[in-house]
Amino acid sequence: MTAAAQTRTRLERVRASVGIAQLALQQIKDDLSAADVDQAELAAILRELIEDTDPPGGLIPAIAQLLTAAARKAEQIEPDRDGDASCPLHEAAALITDNARQRLIWAARSLNPQGESV
């Protein structure tokens with residue numbers, strides 16, 4: 001298989017995976033929009049996005065890991081190794097991990113401090 005064919009195949013897999021992820025996120029959005037979602041259930045849904053589930057780490061940490069993997073690859077292939085591509089990716093991963101994750105925790109605690117399962 002040629003390099004161009006491998007790249008095309010890889011991009012097709014990524015495109016398909018992103019499409020699947022978008023469908024899954026749309027389902028979560030639809031569930032969040034349901035008229036009968038109360039504060040305890042909303043807190044539980046938010047916790048699902050950040051808690052150790054399958055895959056380990058939750059959705060937010062998984063996205064951060066994906067960005068970190070891209071940053072590490074960028075470090076290896078950046079023409080000048082100056083961080084122009086890798087630094088923003090590392091920063092995005094850190095923002096998601098530190099900022100978004102913590103804010104989801106705060107929101108879930110505010111809605112349901114006991115963290116009771118629904």
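**How the helices pack**

Modeller: Gladly! Helices H3 and H4 pack with their axes 7 Å apart, at an angle of about 170 degrees. Keep in mind that this is a predicted model.

Colleague: What makes H3 roughly antiparallel to H4?

Modeller: Angles over 145 degrees count as roughly antiparallel. The angle here is about 170 degrees, and that makes H3 roughly antiparallel to H4.

Colleague: Which residues meet where H3 and H4 pack?

Modeller: On the H3 side they include Ile60, Ala64, Leu67, Ala71 and Glu75. Among their partners in H4 are Ser86, Leu89, Ala93, Ile96 and Leu104.

Colleague: What puts the buried residues of H3 on the same side?

Modeller: The buried residues are Ile60, Pro61, Ala64, Leu67, Thr68, Ala71 and Ala74. They cover an arc of only 130 degrees around the axis, and therefore they sit on the same side of H3. An α-helix has 3.6 residues a turn, so residues three or four places apart point the same way. The buried residues of H3 pack against H2 and H4. The face turned away from them carries the exposed residues Gln65, Leu66, Arg72 and Ile77.

Colleague: Why does Ile60 count as buried?

Modeller: Buried means under 20% relative accessible area. Ile60 has 12%, so it counts as buried. Ile60 lies in H3, and it touches Leu49, Ile50, Ile96, Arg101 and Leu104, leaving aside residues up to four places away in sequence.

Colleague: Why is Ala85 called partly exposed?

Modeller: Partly exposed lies between the 20% limit for buried and the 50% limit for exposed. Ala85 has 36% relative accessibility, so it counts as partly exposed. Ala85 belongs to the loop between H3 and H4. Apart from residues up to four places away in sequence, Ala85 touches Ala74 and Glu78.

Colleague: And what makes Arg81 exposed?

Modeller: Arg81 is in the loop between H3 and H4 too. The limit for exposed is over 50%, and Arg81 has 58% relative accessibility, so it counts as exposed. Arg81 also has a positive phi of about 50 degrees, although it is not a glycine.

Colleague: How do you know that Ser86 is buried?

Modeller: Its relative accessible area is 4%. Buried means under 20%, so Ser86 is buried. Ser86 is in helix H4, which covers residues 86-111. Not counting residues up to four places away in sequence, Ser86 touches Ala71, Ala74, Glu75 and Glu78.

Key. Residues numbered from 1 in each chain as written. Predicted model: local features only at pLDDT ≥ 70, side-chain atom pairs only at ≥ 80, totals over all residues. Heavy atoms only, no water. Helix = DSSP H or I, 4+ residues; strand = E, 2+ residues; numbered from the N terminus. Buried < 20%, exposed > 50% of the residue type's maximum accessible area, 1.4 Å probe, protein only. Contact = heavy atoms within 4.5 Å. Arc of directions from axis to C-beta. Axes fitted to C-alpha atoms, helices over the stretch in contact; angles between N-to-C directions. Parallel < 35°, antiparallel > 145°, perpendicular 65-115°, else oblique.
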